[in-house]
Amino acid sequence: VLGLDVNLPTGAFDRNAHPGRNLGANYTSVEPIFALTYLNPQGWEASAKFMYNIKTRNRETHYQSGDEFHMDYLLGYRSGEWAYGLSGYYLKQTTDDRLNGQNIGNRGQVLAIGPALQYSSKSGDQFIVKWDHETQVKNRFAGDKVWLNYVHRF
């Protein structure tokens, strides 16, 4: 699959607010995407989604985060209605952050890995639980993420 995400500067933004309190980031980003999945007849699966995020400058703060390569991955096994395996993500910032046009460094990175479990009902609904433990974190918040997803086929 090939795709392109475009994220527009929507949501409230106040340059004087704590960064975690803004709903929007006040910049545009463009992200080409390439994803693929391999499923073999014995039930093994390997999936990856590769993305490259290119960001513009925040016009109010004059801050521009660097571009980032990141990927999501899954190595798993499917048996009947159940699937399980290891999933996670990797992110590496490829260019430095800039403030008022000046290079200020601050490249981030993270590697996350953890278990994933999926149940697919006969009707096509899916329930997915994942836990991602972050490692090798630099210049980013670090932690664990638990994902609970429900997918309904229309």
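The following questions and answers go through a predicted model of one protein chain.

Residues are numbered from 1 along each chain as its sequence is written. In this predicted model local features need pLDDT of at least 70, side-chain atom pairs count only at pLDDT 80 or more, and totals for chains, interfaces and linings use all residues, while side-chain values use heavy atoms, with hydrogens and water left out.

Student: How many helices and strands does the protein chain have?
Tutor: Helices (H or I, at least four residues) and strands (E, at least two) are DSSP runs, numbered from the N terminus. From that end the elements run β-β-β-β-β-β-β-β-β-β-β. The totals are zero helices and eleven strands.

Student: What share of the 154 residues counts as buried?
Tutor: Buried means under 20% relative accessible area, exposed over 50%, and partly exposed in between, with a 1.4 Å probe and protein chains only. By that rule the buried share of the 154 residues is 29%.

Student: How many bridges join S9 to S10?
Tutor: S9 and S10 form a hairpin with five residues between the strands, where Gly124 takes a positive phi near 100°. One of the facing pairs is Leu111 with its bridge partner Thr135 in S10. The two strands run antiparallel, and the number of bridges is nine.

Student: Which residue in the turn between S10 and S11 has a positive phi of about 55°?
Tutor: Strand S10 (residues 126–138) and strand S11 (residues 144–151) run antiparallel and are joined by eight bridges. Their hairpin has five residues between the strands, and the residue with that phi is Asn139.

Student: Over the ring of which residue does the charged end of Lys130 sit?
Tutor: A charge sits over a ring if NZ of Lys or CZ of Arg is within 6 Å of the ring centre and within 35 degrees of the ring normal. The bridge partner of Lys130 in S11 is Trp147. The charged end of Lys130 is 5.5 Å from the centre of the ring, which belongs to Trp147.

Student: How many residues apart in sequence are the parts that Trp82 and Tyr119 tie together?
Tutor: Rings of Phe, Tyr and Trp (its six-membered ring) pair if their centres lie within 6.5 Å; planes under 30 degrees apart count as stacked, over 60 as edge-to-face and the rest as tilted. Trp82 and Tyr119 form a tilted pair, 5.0 Å centre to centre with 55° between the planes. Trp82 lies in strand S6 (residues 82–93) and Tyr119 in strand S9 (residues 109–120), so the pair ties together parts whose separation in sequence is 37 residues.

Student: With the side chain of which residue does the side chain of Asn26 make a polar contact?
Tutor: Asn26 lies in the loop between strand S1 (2–7) and strand S2 (29–39). A polar contact is a pair of N or O atoms within 3.5 Å; within protein, one must be able to donate a hydrogen and the other to accept it, and residues adjacent in sequence count only if both atoms are side-chain atoms. At 2.9 Å, the partner of the Asn26 side chain is Asn58.

Notes. Two strands pair if DSSP finds at least two bridges between them.
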